[in-house]
Amino acid sequence: MRLHYALYIKHYTNFRYRVKRGFTLVEMMFVVLIFAFLFGAILVVMTSSDKSWRTGRDKITEQQEARKAMDNMNWLLRQSNPNWVINATNYPVTITSNNRIDFYQPVFDEQGNISMLQKVTFKLNPSDTTQLLKKVGTQNEAVIATKVQSINFGGGCSGCSAYTCSTVAADCPVVKIDIQTLEDKGFSLTSKASLRNTNIALSDDTEVQQPESGEF
């Protein structure tokens with residue numbers, strides 16, 4: 001019993017002595033190293049999670065922009081005609097280098113008659129090819145999608161599957177559109193727009209609103 005008590009007193013005395021004298025430099029460095037490792041691991045996890053969240057957010061934003069742009073192009077194209085004719089002058093759908101499309105949207109008066117044509121253009125921004133631009137008539141151009149990898153226009157019928165047609169045939173008034181985005185291996189969206197206002201004769205005094213040649 002006395003031996004056990006003596007060992008307890010010795011152990012307790014050594015513990016109080018170590019508490020009083022504090023930690024050694026090696027012990028302090030070891031503790032700091034452990035905390036630094038834990039902090040670094042937490043920082044790596046948080047950075048990786050934040051990057052994944054931002055990538056996912058940007059991808060969703062790109063997809064939403066691409067869908068809105070596609071819906072807008074489809075809606076406007078459906079109102080058009082493969083080749084409007086006013087006083088023997090043609091106003092066709094024109095596709096340039098697969099990534100630009102020009103066509104004419106009808107504007108109706110209160111009686112439901114076409115009073116004017118507005119030229120509509122969709123193309124990639126020459127100064128920033130990740131932006132998709134839209135211009136209607138003489139209005140200012142607008143950016144309707146960003147982070148675009150590519151956009152392709154072409155005839156949507158047989159023989160034009162590889163976007164080889166620069167015009168849209170009257171007997172097959174369909175435009176095929178493909179949008180590819182940049183983020184996270186890209187997002188591809190494809191659609192076919194059928195031009196519905198075919199075989200409509202316009203009066204010779206129908207106004208045409210469009211930019212000056214070479215303006216856009």
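## Briefing on a predicted protein model

N197 is buried, with a relative accessible area of 18%, where buried means under 20% relative accessible area, exposed means over 50%, and partly exposed lies in between (1.4 Å probe, protein chains only). The structure is a predicted model, in which local features need pLDDT of at least 70 and side-chain atom pairs count only at pLDDT 80 or more, while totals for chains, interfaces and linings use all residues. Residues are numbered from 1 along each chain as its sequence is written, and side-chain values use heavy atoms, with hydrogens and water left out.

**Overall make-up**

- The protein has two helices and eleven strands, where helices (H or I, at least four residues) and strands (E, at least two) are DSSP runs numbered from the N terminus.
- Along the sequence, these elements follow the pattern α-α-β-β-β-β-β-β-β-β-β-β-β.
- Of the 216 residues in the protein, 35% are buried.
- The protein exposes about 14,100 Å², of which carbon and sulfur atoms supply 56%; accessible areas come from the Shrake-Rupley method with a 1.4 Å probe, and for residues only the protein chains shown count as cover.
- Among the contacts in the protein with a separation of 6 or more, 54% join residues 24 or more positions apart, a contact being heavy atoms within 4.5 Å.

**The surroundings of N197**

- N197 is placed in the loop between strand 10 and strand 11 (207-209).
- When its neighbours within four places in sequence are left aside, N197 is in contact with R78, Q79, S80, N81, W84, P106 and F108.

**Strand pairing**

- Strand 1 (residues 83-86) and strand 2 run antiparallel and are joined by four bridges, and two strands are said to pair if DSSP finds at least two bridges between them.
- The bridge partner of N83 in strand 2 is P92.
- Two residues lie between the strands in the hairpin of strand 1 and strand 2, where N87 takes a positive phi near 50°.
- Strand 9 (residues 174-181) and strand 10 run antiparallel and are joined by seven bridges, and V175 stands opposite A193 in strand 10.

**Aromatic rings and charges**

- Rings of Phe, Tyr and Trp (its six-membered ring) pair if their centres lie within 6.5 Å, with planes under 30 degrees apart counted as stacked, over 60 as edge-to-face and the rest as tilted; by this rule there are two aromatic pairs.
- Y91 and Y104 form an edge-to-face pair, 5.2 Å centre to centre with 75° between the planes.
- Y91 lies in strand 2 (residues 89-92) and Y104 in strand 4 (residues 100-108), so the pair ties together parts that are 13 residues apart in sequence.
- Y91 counts as buried at 15% relative accessibility, and Y104 is buried with a relative accessible area of 7%.
- F103 and F122 form a stacked pair, 6.3 Å centre to centre with 20° between the planes.
- F103 lies in strand 4 and F122 in strand 5 (residues 114-125), so this pair ties together parts that are 19 residues apart in sequence.
- Both F103 and F122 are buried.
- The charged end of K123 sits over the ring of F216, 4.2 Å from its centre, and the charged end of K135 sits over the ring of F216, 5.8 Å from its centre, where a charge sits over a ring if NZ of Lys or CZ of Arg is within 6 Å of the ring centre and within 35 degrees of the ring normal.
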